[in-house]
Amino acid sequence: MASSSSNSWRYDVFPSFRGEDVRNNFLSHLLKEFESKGIVTFRDDHIERSHTIGHELRAAIRESKISVVLFSENYASSSWCLDELVEIMKCKDEQGLKVMPVFYKVDPSDIRKQTGKFGMSFLETCCGKTEERQHNWRRALTDAANILGDHPQDWDNEAYKITTISKDVLEKLNATPSKDFNDLIGMEAHIAKMESLLCLESQGVRIVGIWGPAGVEERLKSQKVLIILDDVDNIEQLKALAKESQWFGNKSRIVVTTQNKQLLVSHDINHMYQVAYPSKQEALTIFCQHAFKQSSPSDDLKHLAIEFTTLAGHLPLALRVLGSFMRGKGKEEWEFSLPTLKSRLDGEVEKVLKVGYDGLHDHEKDLFLHIACIFSGQHENYLKQMIIANNDTYVSFGLQVLADKSLIQKFENGRIEMHSLLRQLGKEVVRKQSIYEPGKRQFLMNAKETCGVLSNNTGTGTVLGISLDMCEIKEELYISEKTFEEMRNLLYLKFYMSSPIDDNMKVKLKLPEEGLSYLPQLRLLHWDAYPLEFFPSRFRPECLVELNMSQSKLKKLWSGVQPLRNLTRMNLNSSRNLEILPNLMEATKLKTLDLGWCESLVELPSSIKNLQHLSWLEMSCCKKLEIIPTNINLPSLEVLHFRDCTRLQTFPEISTNLRLLKIKGTAITEVPPSVSYWSNIFEICMERTKVKRLDHVPYDLEILCLRGNIELESIPRHLNLLPLLQMIDISYCINIISLPNLPGSVSALTAVNCKSLQRLDGHFRNRSISLNFINCIKLDRRAQDMIHQSIYINQSPYKVDVLPGDHLPAYFSYQSIGSSIMIHSDNIDLSKFNRFKRLDSPLLKSDHLCMCEFELMPPHPPTEWELLHPNEFLEVSFESRGYLDKCEVKECGLQFLEPHETSEFRYLSPHLYLGGSWIGNSSSSIEEIIHVDQEESSSDSEEIIYADQEESSSGIEEIIHAEREGTNRRKSVMRWIKVGARKMGLSLECLKPWTR
């Protein structure tokens, strides 16, 4: 059924016709068919016809979704009809009016060319009319006749044709986006997904469920369907209103919106759509519509508008409420209101959100509050360990209930996230547990109130968790030994710093030596910059699941063996005074251990052999570390970091299941034979070690970094046998003389500043390998020839090669002295290109060749004129940019990769057209451009397209100059979809260092 209730669309169809030809026969039957299908059609029965169409008809055309133009033999005999058609085609161009021509017993070519009897009638009508009016009529007739329409040769079966036209109109109406949603930001994507679920072409009854958090579903309340059951929260409501699909006729559609997914499942609704939160930009637009009655904020309030949008958590209801609340207020009021709104919910928002919370059972409410106050963003398994429950299933069931009711989000990786406004709701629920005595609440989070409880010793057994941002403490806070004595049920203690911590930061929270003695049930202890050197002698860690003491003053945690059977995470990162790690014999569940930047730590204890579940061990920058255990195998360990442990000489043979090993900057001198049998290893980074020989390498290795190993004398020849090796970096290995043959799997070889490298033992077999031999000034002629042969024979796209050299190879067909080259279309059929790469390079110590091969795509969909007028010439120029180095381009050249590459067509998808430029396939072994700027000028002027890239130090940058004939660019035609895209080898440059 078509909808016509919009304020913008008054009519589904506007018919244009010559009354004497069709009104009393074909048209009357067609209008009756439209009426039976619910298609609202404009009727001009009561409009007095004159020589020109009036305001009422113009308005009717503009307020219609579709115009059905019934061309008949005498259509052109009426100037009224012709003016009407001009207005219709104008609306088609300006506002997207759909036009459906129907050729009723008339040849479309006669309409298009104004010939035959139709043309004779047209000429008679043109008599005495202005040239401009005649021109407008001709153009409208031609354009309308060019639209694909219904023009069968045989009109005997008019009933069938009427049914066909009616069906076509319905299909177009269903595909017409309603202007009802112009003020509802982001609705187009939701409507598109809903259309597929509604399956309007299906004859059966379909019930569709819309599931999302409170405040989101209101974005869909304006949709016109047969039945919308909004905000359903009880299964009995569904049973009463839509129990059986048989209750409704064919093609009925029932849309149900709810916060509870389980309600839809219980009612056997299989077609469900989960409404996501709007994007950042959409959220800002929604807020601005209500705050400023426009889609963007004023410059002076832009920063504040973004903060308010963030505060609303992208929830449409909150965006509307907050925007309306701030409308008309000055900047000072905005600044004053923000802190207040951060600490409490708006009443209307709280009322809506609390409906979902109030519908929970007690244990689900308890779980909700735990997540809102402490654990949002954590993994589901972590919550199961932290939250006291009868069993894990109990927590899992509660999490699923919260997810089904849109109170949390469960991600595929197991992470649990709660919306910021729902977290604020949880905190408000906790605050109301005891408004005037914070020490009697379950959770303490407000800095001022928490400090009051801690300093006055007013905490009680009700308190389960404390979360305090120490950056919000205004004055020094002293905690007595008995502060936690009454909080015997405290489970979670989190004293964190939201701002970066430095060594000069004054810790305002003071703690006596025995201050943590009364916490036997503590599961989470997170204390940034912990001020003491030791834990209390009576500290009881047996229930701890997480111990996070980053940047602490600890020298030692405790003595002896502690029962750490529940501990899964230990973080002592940047505890620079830590000298001894405790015995971890009983920490058998420990999964992550972070000891990075513990600069005083000398030994990793042998007790780690019991950590059978340890998967991640971070010990980077432990500068005094010398001793690690040997002859152990941790079966779960996958990631191991010993970066810049400058005193470590022993290779870490502590697990055969590693995937990533980093021993950069260590004093390790040799790699043991056992590594050859590591079957899971993906990457080894052993940059700047003391290794002299590399005799043993894992068979399944993919990435090997040997950068800066100045004592390394050779690369093992058996690298050729590694079938998965993809990347190898031997840069700054100054004693390597030869490079062995590499496997065909290698796609990137970096050998910068290998100043002794002379020989290559074999060709490069990977057709898309990227090579970098910058400052390898001793490469012999044979090695250089092998590199050139690989480049010339393979002719692979997206490749970069840099090597010493002082002249262009002969195989480059187009060569020029200096930094630019011009190619005329007499020599080669030119296309328009704009695909670029940028190459970064260090200081060059001699003349170098820089070779880049990549595919260049058309800079825009070609216009009709450009398809008929190809470029006459292409100018390509090169320059070096960067603050580290500047090079002079001595020679340059181009080589087109022909013949097979140039004959293929490439499909260009519309979504790849960005900012006036076409970006092609992005799969490449070197960095893509970040931004393409394009300066366009009028006829006979030069068009410059240049590439730029962020985060670059120096490099070679290509600038394409393409001069074109003709006038300003005209509208693109549909034939842009397929464009011949040539692959072109761009730039083989001879560079010499800049002389200052």
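Strand S3 is mostly covered, with 5 of its 6 residues buried; buried stands for under 20% relative accessible area, exposed for over 50% and partly exposed for anything in between, using a 1.4 Å probe and protein chains only. This is a predicted model, in which local features need pLDDT of at least 70 and side-chain atom pairs count only at pLDDT 80 or more, while totals for chains, interfaces and linings use all residues. Residues are numbered from 1 along each chain as its sequence is written, and side-chain values use heavy atoms, with hydrogens and water left out.

**The protein as a whole**

- The secondary structure comes to 22 helices and 42 strands; helices (H or I, at least four residues) and strands (E, at least two) are DSSP runs, numbered from the N terminus.
- The protein has 996 residues, of which 51% count as buried.
- Among contacts between residues at least 6 apart in sequence, 59% join residues at least 24 apart; a contact means heavy atoms within 4.5 Å.

**The sheet S1-S2-S3**

- An open sheet is formed by 3 strands in the order S1-S2-S3, and the pairing is parallel; two strands pair if DSSP finds at least two bridges between them.
- Strand S1 (11-16) and strand S3 (98-103) are at the edges with a single partner strand each, so one side of each has no neighbour in the sheet.
- From one strand to the next, the twist averages 20°; angles run from 0 to 180 degrees between N-to-C directions, and axes are lines fitted to C-alpha atoms, for helices over the stretch in contact.
- Strand S2 (residues 64-71) pairs with S3 in the parallel sense over 6 bridges.
- Leu 70 stands opposite Val 102 in S3.

- Helix H3 (residues 79-95) has 17 residues, which at 1.5 Å a residue should span 24 Å, and its end C-alpha atoms are 24 Å apart, in agreement; the expected span is 1.5 Å times one less than the number of residues.
- The buried residues of H3 include Trp 80, Leu 82, Leu 85, Ile 88 and Met 89.
- These buried residues of H3 pack against S1, S2 and S3, and also against helix H2 (55-62), helix H5 (116-126) and helix H6 (131-145).

**Helix H11 and its cover**

- Helix H11 (residues 280-291) has 12 residues and should span 16 Å at 1.5 Å a residue, which agrees with the 16 Å between its end C-alpha atoms.
- Buried in H11 are Ala 283, Leu 284, Thr 285, Ile 286, Phe 287, Cys 288 and Ala 291.
- The cover over these residues of H11 includes helix H12 (302-311), helix H13 (316-326) and helix H14 (331-343).
- Lys 293 follows H11 and has a positive phi, near 60°.

**Two helix pairs**

- Two packed helices are described by the angle between their axes and the distance between the axes.
- The axes of H13 and helix H15 (residues 347-358) come within 9 Å and cross at roughly 165°.
- That angle makes H13 roughly antiparallel to H15; angles under 35 degrees count as roughly parallel, over 145 as roughly antiparallel, 65 to 115 as roughly perpendicular and the rest as oblique.
- Leu 317, Ala 318, Arg 320 and Val 321 of H13 make the contact with Glu 348, Val 349 and Val 352 of H15.
- Helix H16 (residues 362-375) and helix H19 (residues 420-431) pack at about 110°, with their axes 8 Å apart.
- H16 and H19 are therefore roughly perpendicular to each other.
- Among the residues making this contact are Phe 368 and Leu 369 of H16 and Leu 422 and Val 429 of H19.

**Strand S11**

- In strand S11 (residues 465-469), 5 of the 5 residues are buried, so the strand is largely enclosed by the rest of the structure.
- Gly 465, Ser 467 and Asp 469 are buried on one side of S11, and Ile 466 and Leu 468 are buried on the other.
- Strand S10 (residues 443-444) runs parallel to S11 and is joined to S11 by 2 bridges.
- Leu 444 stands opposite Ile 466 in S11.

**Arg 688**

- Arg 688 lies in the loop between strand S22 (683-685) and strand S23 (703-705).
- Its relative accessibility is 38%, so Arg 688 counts as partly exposed.
- Leaving out residues up to four places away in sequence, Arg 688 touches Asp 644, Lys 664, Gly 665, Thr 666, Arg 707, Gly 708 and Asn 709.
- Arg 688 and Leu 706 are 18 residues apart in sequence, and their C-alpha atoms are 7.4 Å apart in space.
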